[in-house]
Amino acid sequence: MIVCLCNRVSDRDIRQAVQVHGIRDFEVLKDHTRAASCCGCCHDCAREVFDEACAASSGAPALRSSADLSSR
């Protein structure tokens, strides 16, 4: 499914970034894929797919940025 309409980033793109490129930081994922970097509407969905991919890939939780923590 397409997660980010602005930059046409799919859930598969996010999973590939985690599994193939070893990305474990959401800010790095945003730089790498451009997901959640334009209008922001997809941020929560992209974050959810990213967290699930990180958990499935290594069993380790994804790193949270200070921006993610301050919004809670």
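Mentor: What follows takes several labels in turn and sets each against its cut-off. Keep in mind that this is a predicted model.

Trainee: Why is Lys 30 called buried?

Mentor: Buried means under 20% relative accessible area. Lys 30 has 17% relative accessibility, so Lys 30 counts as buried. This residue sits in helix α2, which spans residues 26-33. Leaving out residues up to four places away in sequence, Lys 30 touches Ala 35 and Ala 36.

Trainee: What about the residue just after α2?

Mentor: That is Arg 34, with a positive phi of about 75°.

Trainee: Why is Arg 8 called exposed, and why is Arg 34 called partly exposed?

Mentor: Exposed means over 50% relative accessible area, and partly exposed lies between that and the buried limit of 20%. Arg 8 has 68%, so Arg 8 is exposed. Arg 34 has 44%, so Arg 34 is partly exposed. Arg 8 is in the loop between β1 and β2, whereas Arg 34 is in the loop between α2 and α3.

Trainee: Is Ser 10 buried or exposed?

Mentor: Its relative accessibility is 11%, so Ser 10 counts as buried. Ser 10 belongs to strand β2, residues 9-10. Setting aside neighbours within four places in sequence, Ser 10 is in contact with Met 1, Ile 2 and Val 3. At the start of α1, a side-chain oxygen of Ser 10 also comes within 3.2 Å of the backbone nitrogen of Arg 12.

Trainee: What puts the buried residues of α1 on the same side of that helix?

Mentor: The residues in question are Asp 11, Ile 14, Ala 17 and Val 18. They cover an arc of only 125° around the axis, which means that they share a side of α1. The face turned away from that buried side carries the exposed residues Arg 12 and Gln 19.

Trainee: What covers the buried residues of α1?

Mentor: The cover includes β1, β2, α2 and α3.

Trainee: Which residues touch the most other members of the largest nonpolar core?

Mentor: Val 3, Ile 14, Phe 26, Leu 29 and Phe 50 do, out of 17 residues in that core. At least two residues of this core come from each of β1 (2-4), α1 (11-19), α2 and α3 (43-58). The largest share, 5 residues, is supplied by α3.

Trainee: What does Val 3 touch, not counting residues up to four places away in sequence?

Mentor: Val 3 touches Val 9, Ser 10, Asp 11, Ile 14, Cys 42, Cys 45, Ala 46 and Val 49.

How values were computed:
Residues numbered from 1 in each chain as written. Predicted model: local features only at pLDDT ≥ 70, side-chain atom pairs only at ≥ 80, totals over all residues. Heavy atoms only, no water. Helix = DSSP H or I, 4+ residues; strand = E, 2+ residues; numbered from the N terminus. Buried < 20%, exposed > 50% of the residue type's maximum accessible area, 1.4 Å probe, protein only. Contact = heavy atoms within 4.5 Å. Core = buried A, V, L, I, M, F, W, Y, C linked by side-chain atoms within 4.5 Å. Arc of directions from axis to C-beta. Polar contact = N/O pair within 3.5 Å; in protein donor to acceptor, adjacent residues only side chain to side chain.
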